[in-house]
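Dear colleague,

Please find the structure below. I would be grateful if you would read these notes with the model open beside you.

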Amino acid sequence: MKQFTYKWFRRFSVLVAIKLFILALGLTLLRLMFIWVDDYKEDLAAWIASEYQLDLSAANISAGVDFSGLVIVLNDIELADSPELPFALSTDYLFLHLDFWESLTEQTLNFNRFSLQGVDLTLKTSPALKADSESGQSLPTLDSLQNVFLRQLDKFSVKDSRIHFKTHLGVDKTIVIENLRWLNKGNVHQGVGSAFVHESLRDNSLQFILDLSGKKGQVDNPLHGKLYVEADNLNIRDYLSERVAPEVRIDEAVLGLQFWAEFSATKLLEAQLLVNDSRFAWSQSDKQHNWQLNSGLLQLTNEQEKWRLDSYDLDIENNQQQLQGLRVSANGTTEQAGFAFNGLYLKDLLPFYLLYADLDKEQLALLHALEADADLQSVAISKNKTGKLQFAAQLSAFKNRPKGAVPGVSYADIEVQ
């Protein structure tokens, strides 16, 4: 029995040694061959364009070996830009991880994983772009990217990358993707990672999980997704300090939140925002403001072209005084929205308006001297025929102190349109 076991073990060891020798020899030959890989970068770029239907250019190409095997490294890559594309894409490094055995079996290069580092994705927002995008001219490239990253690859990763965009007010924003790990299995996809706003601190990042299933355009299995975002003690002080009025000093701005969303290819279906242990403190015109949101839930539903927003259990303190009975509800469509409030007062909202208001010291002093207050009951927003927004508000129990030419008012009901 011992002799049989010894012979079996010896044969097994020989087989393992032979396979390891073949693997080492193959990798060595490939490494020797890839010493001159940069001389063939145009051929490799053409192969990538043919294999993945992507028009890429690379400054140089090299090869090496890491714990996963042979890796081809492309430096300073750019996706060919065109006016029809809704974004510009470049990356510092693209690592192509070679599947050695499958490449050897099929006698062609086969990469089982992509790793990207230093990606810069800039979203475009010009009117001409929107018109071209609607014409569908950019769909081949977009479909190629979707095909590569959602179907051809089993997994890929992204680190130290940035997404640049402009807000509806024209302000430049950057989101930094610290890391992202993405897995594909048929029509089911999942991404797990962390990100932060460029102006915030790296150790105060958001953690997120994104699940996708289905396929865009398929009636029986449409694209559907779920997103979860969590932030604990997220410091946004530096981010806000650059955007408030010059005389405002932000002392503290910390968020704690959990966010869930469900969406389709065309719209947001449902969302929930759970806020907890969030603090916001600032000083302006010798006045100190301290707000604390201990807990609260906002829920949004969107069905049949109509949406609804409701708040639950809002626990908010202003200068250590709790706001009593605060509730918010809203409903609307893409053309109009109506908000209803309970327990929300003008004196509480005014400091937030003054954070961004472009007023001089005399105007600020007048507003403070008036000590205006009212019970804000509702706000309506709609679009007119030219597409401009119109606002209306209903206030009750309005009152203010008289100041100069401004008379005093007591408990007036006011409608503003």
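Predicted model: local features only at pLDDT ≥ 70, side-chain atom pairs only at ≥ 80, totals over all residues.

Residues are numbered from 1 along each chain as its sequence is written, and side-chain values use heavy atoms, with hydrogens and water left out.

Helices (H or I, at least four residues) and strands (E, at least two) are DSSP runs, numbered from the N terminus. Two strands pair if DSSP finds at least two bridges between them. Strand β6 (residues 172-185) runs antiparallel to strand β7 (residues 188-197), and 10 bridges join them. Two residues lie between these strands in their hairpin, where Gly186 has a positive phi near 65°. Trp182 has Gly191 in β7 as its bridge partner, and Gly191 is in turn partnered by Leu210 in β8. Eight bridges pair β7 with strand β8 (residues 206-213), again in the antiparallel sense.

A pocket is an open set of points on a 1 Å grid over the protein atoms alone where a 1.4 Å probe fits, with protein on both sides within 12 Å along at least five of seven lines; lining residues have an atom within 4 Å of a point. The second largest pocket holds about 730 Å³ of space, a volume being the space filled by probe spheres set on the points, which are joined across faces, edges and corners. Its lining has 26 residues, of which Val275, Trp291, Leu293, Ile316 and Phe352 are the closest to the centre. β12 (287-303) is among the elements that supply at least two lining residues, and β12 gives the most, with six.
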